[in-house]
Amino acid sequence: MITRQRLAAGVCALLAALTAGIAFPTGAVADETAEQAAPKVELVLDVSGSMRARDIDGGSRMSAAKQAFNEVLDATPEEVQLGIRTLGANYRGNDRKAGCKDTAQLYPVGTLDRTEAKTAVATLTPTGWTPIGPALLKAADDLDGGNGTRRIVLISDGEDTCQPLDPCEVAREIAAKGIGLTIDTLGLVPDAKTRDQLSCIADATGGTYTSIQHKEELTDRVGQLVERAADPVVTPVAVEGATACTSAPTLKSGLYTDREEFGQHRYYRVDVKPGQELRASVSVAADREVNPDYGVLLRAVTVHSREIVRGEAAGNGRTDVVSTGLRYPKAESDDENAPAETVCLQVSNSFSAASGVKTTPGMPVELTVDVVDGPDQASDVASFGLGRGWWLLGALVLTGFLAGVLWGWVSRLRIAVWRTN
């Protein structure tokens, strides 16, 4: 009887192994890749005296920042090396020269000890000046070394008080080094001058600027930026779209970056051969304060402006990124020498600038273009979304049926032996 039980268990294990082999064929196993350098992020927090102001959801700006940091520290991906630097946190005097040196690393960039980092943040008290430029220079040094993603997230509620060291020029200097470091900026209840300065810092390094009015916005945005550092590094190619399809640049599969002014149309051309499928997506970043109710439109049109397909998305006033996409499968042709079709991608937006906000330069645009081989048959796309996965589903059903029959036969045999004994 024991022998029969082992036989049944062995048969079931064999069937399970065969099923796993079908579900995960050898060719589907990911290749081992070379180890990438760990992404690094440093949060740079303004702890100047103005952070005492109580205008964020009834609490102080400092308390909102502390709450956001605690929640972000809990959610930071394990692979991200994170550090915290302060500006204006230690010097309480009136000596401008001393105050403009007041920047220190609160928590070193490295493997995150959440408890230790939270304890350090809890000790902060709004104190001094606002040396943004010196803090950015030190933060760049903190992140020096390695080839992984490097990102500075600057949170401030006011403009730099340590001129003539212009923080915008500091950001340009960092970008000119070609070290691939991005600076994202967040303004807490900012005035026009603060918005302009923080936007300039972000623009200089290809980062984003976000205006913050509420605690939840701060937590969400900082968390997004920290998580983004863990994404694979992809360097977009700069391209300049045209105002008409006839003069648009021709793009191949890849990631592209451009700038688009408020209410503008930009065109790009893509060649699609018979039997291929065009997949495209676009993201427009509202990197400054904009009026509520806006949208982004991505259209695929012919060279004669006939619409083929479109994708669109709308927003309601949050300073963030709006994205949309489309797919266009080009049918097969009986003519082996049939030429490729030129498809024009039109990117449009309905953003409008808030009062006093500069409209130039245009807003950052990221365009992804992917031209791939289309499905062999229309049924591959239909099939309830399974495509060629039907054969796998059928194989699994058949395997399960055979396993059930075999298990039932073995069970009946065991009962018969038990009754005999």
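Me: Buried means under 20% relative accessible area, exposed over 50%, and partly exposed in between (1.4 Å probe, protein chains only). So is E216 buried or exposed?

Reply: This is a predicted model, where local features need pLDDT of at least 70, side-chain atom pairs count only at pLDDT 80 or more, and totals for chains, interfaces and linings use all residues. Residues are numbered from 1 along each chain as its sequence is written, and side-chain values use heavy atoms, leaving out hydrogens and water. As for E216, a relative accessible area of 64% makes it exposed. E216 sits in helix 8, residues 215–228 (a DSSP run of H or I, at least four residues; strands are E runs of at least two, and both are numbered from the N terminus).

Me: And A338, how does that one read?

Reply: A338 is partly exposed, at 21%. Look for A338 in the loop between strand 14 (321–329) and strand 15 (341–349). The C-alpha atom of A338 is 8.0 Å from that of K273, though the two are 65 residues apart along the chain.

Me: How do I read the order of an open sheet here?

Reply: Strands of a sheet pair through backbone hydrogen bonds, either parallel or antiparallel. Here five strands form an open sheet in the order 8-10-15-12-13, with mixed pairing (two strands pair if DSSP finds at least two bridges between them). Strand 8 (250–251) and strand 13 (307–315) are the edges, each pairing on one side only.

Me: How many bridges join strand 12 to strand 13?

Reply: Eight, and strand 12 (residues 294–301) runs antiparallel to strand 13. Take V296: its bridge partner in strand 13 is A313.
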